[in-house]
Amino acid sequence: MRLGAYEVQDEIGRGGTGVVLRARAPSGRIVAIKVLRRFDSQEHRARFERERRLLLSLGADEGFVPLLDAGDASSSSGSSWRGLAAGPYLVMPFLPGGTLRARLGRKQLPMEEALSLVAALADAVGHAHSRRIIHRDLKPENVLFTEDGRPLIADLGLAKHFRSDALGLGRSVSLTQAGDFHGTAGYMAPEQMLNAREATPAADVFSLGAILYECLAGEPAFQGETVVELLAKVELGSYEPLRSRRPEAPAWVERAIERALARDPRARFEDAGAFARALREGAPRRARWASAALGAVLLLAAGVGLGALIFGPSSNAAPTGTAPLPPPATTTTKPAPPRVDPVKALLDKGAALLAKTDNDGAIAAFTKALELDPKCSQAFAGRGDARVRKWGEWDKAIEDLTRAIELDPRNSSAWFNRGTARQAKGDHASAVADLTRSIELDPKHAMSWKNRGASWFSLRQLQRAISDYDHVLELDPRDFMSWNNRGITKD
């Protein structure tokens with residue numbers, strides 16, 4: 001099975017509406033692709049599209065598995081995988097560290113490791129909450145680890161905006177009906193079980209509390225022989241106190257979990273960011289205070305006055321029985337030259353060469369920058385831009401720009417250039433997806449509208465092409481080529 005440019009290798013897992021596949025990109029890199037199982041349903045398609053938009057707004061910097069690419073292979077004939085027909089898909093990096101579920105395996109994590117892990121997850125969810133997004137399906141299966149052990153949150157299939165003033169809400173739709181049940185039993189808050197549509201950030205706090213409890217206790221907080229029994233225990237708030245499973249747990253940790261798992265959402269932490277702060281400031285703050293107090297006692301015992309410690313000696317006072325100290329001698333020293341950042345210098349050089357249309361020189365400069373900093377998103381984006389401008393190195397350009405997007409999902413020029421490269425290769429469906437993201441990030445970039453209009457035309461989506469050309473002419477009424485293209489499209 002092929003999905004766009006990706007060659008499917010194996011299946012990683014299946015859910016209610018999606019299948020996750022391991023695949024190989026043209027560059028040879030291994031990626032994970034989530035494919036919609038039931039794309040005949042408008043609701044499922046709408047959810048999938050909403051997940052794509054939300055993934056684009058929450059990247060690896062925020063603690064989420066980033067989106068690398070997206071497409072729709074519904075029109076591909078004869079393309080299937082174990083009964084799964086090709087359809088809409090999302091491409092993400094393959095994370096070799098596995099899931100938190102696999103890491104737990106019914107065992108307790110060390111105290112500091114568990115607290116640090118869940119604080120990092122709460123930070124990530126806090127970023128989402130600050131953007132008016134709730135996850136609604138936080139659980140160990142949806143926590144993945146990078147090769148160096150960093151946790152990232154996956155699966156925004158049930159995520160949604162929770163405020164009417166959320167940025168991007170106007171392009172979203174409400175897909176949950178009143179009383180709908182969406183989430184995972186045992187990690188889902190009581191109010192979310194009753195009405196998933198009305199869930200707030202407090203519901204995610206509940207899920208994070210359940211994850212922390214399981215990391216420390218070695219088993220879930222809520223357990224039952226049947227789903228009905230499990231749901232009843234969640235509704236009643238019935239679970240074994242943490243100290244019965246982990247006697248050495250500090251009292252403040254137990255209190256933090258109890259607050260996160262409170263039945264009443266108003267009694268929980270306000271949002272995930274507040275929960276993260278509580279986990280970091282509980283015991284460490286006391287330890288810092290004790291250390292500071294001990295240090296002050298030792299200093300006082302050594303004869304150092306606290307006033308002198310804080311303020312230092314008066315600049316005008318002389319020691320008793322001595323003459324006033326002479327003013328310090330003034331010396332003129334030449335300021336040290338500012339330190340030059342070699343990577344920035346190479347980035348600036350590459351940009352200047354691009355402006356002079358010296359594409360080969362720019363590629364060389366950006367390549368040197370990457371030798372110094374292999375994770376410099378600007379260097380990948382610049383080299384990809386230069387390769388697009390050379391008009392021919394499409395695969396290499398796409399590889400560079402994909403890496404730039406992975407490192408910085410908000411780089412609108414990288415999305416634009418990758419869309420342009422794919423358009424040049426004739427992959428217009430993928431080009432539309434990339435150019436759409438470029439437009440979302442920079443709505444005033446006329447070339448993104450213009451190029452997307454051309455791809456819509458190639459896909460015979462003529463009304464969409466005309467609409468895009470209209471947008472170009474609103475931004476630049478003198479763009480004669482768009483007037484010409486719109487006229488041809490209307491003809």
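Q: Let's begin with a side-chain pair: which residue does glutamine 423 join through a polar contact?
A: The side chains of glutamine 423 and serine 455 are joined by a polar contact of 2.9 Å, where a polar contact is a pair of N or O atoms within 3.5 Å and, within protein, one must be able to donate a hydrogen and the other to accept it, with residues adjacent in sequence counting only if both atoms are side-chain atoms. This is a predicted model, in which local features need pLDDT of at least 70 and side-chain atom pairs count only at pLDDT 80 or more, while totals for chains, interfaces and linings use all residues. Residues are numbered from 1 along each chain as its sequence is written, and side-chain values use heavy atoms, leaving out hydrogens and water.

Q: Where does glutamine 423 lie, and what else does it touch?
A: Glutamine 423 lies in helix H16, residues 412-425 (helices are DSSP runs of H or I, at least four residues, and strands are runs of E, at least two, numbered from the N terminus). Not counting residues up to four places away in sequence, glutamine 423 touches His428, Ala431, Asn451, Ala454 and Ser455, contact meaning heavy atoms within 4.5 Å.

Q: Does glutamine 423 count as buried or exposed, and why?
A: Glutamine 423 counts as buried because its relative accessibility is 15%; buried means under 20% relative accessible area, exposed over 50%, and partly exposed in between, with a 1.4 Å probe and protein chains only.

Q: Switching to the nonpolar core, which residues have the most contacts inside the largest one?
A: They are Leu212, Cys215 and Phe275, in a core of 98 residues; such a core is a set of buried Ala, Val, Leu, Ile, Met, Phe, Trp, Tyr and Cys residues joined through side-chain atoms within 4.5 Å. A second, separate core of 15 residues includes Leu3, Tyr6, Leu21 and Ala25.

Q: And what about strand S4, why is it largely enclosed?
A: Six of the seven residues of S4 (residues 30-36) are buried, so the rest of the structure largely encloses this strand.

Q: Which strands pair with S4?
A: Strand S3 (residues 18-24) pairs with S4 in the antiparallel sense over seven bridges, and five bridges join S4 to strand S8 (residues 88-93), also antiparallel; two strands pair if DSSP finds at least two bridges between them. Valine 35 in S4 stands opposite valine 19 and opposite tyrosine 89 in S8.
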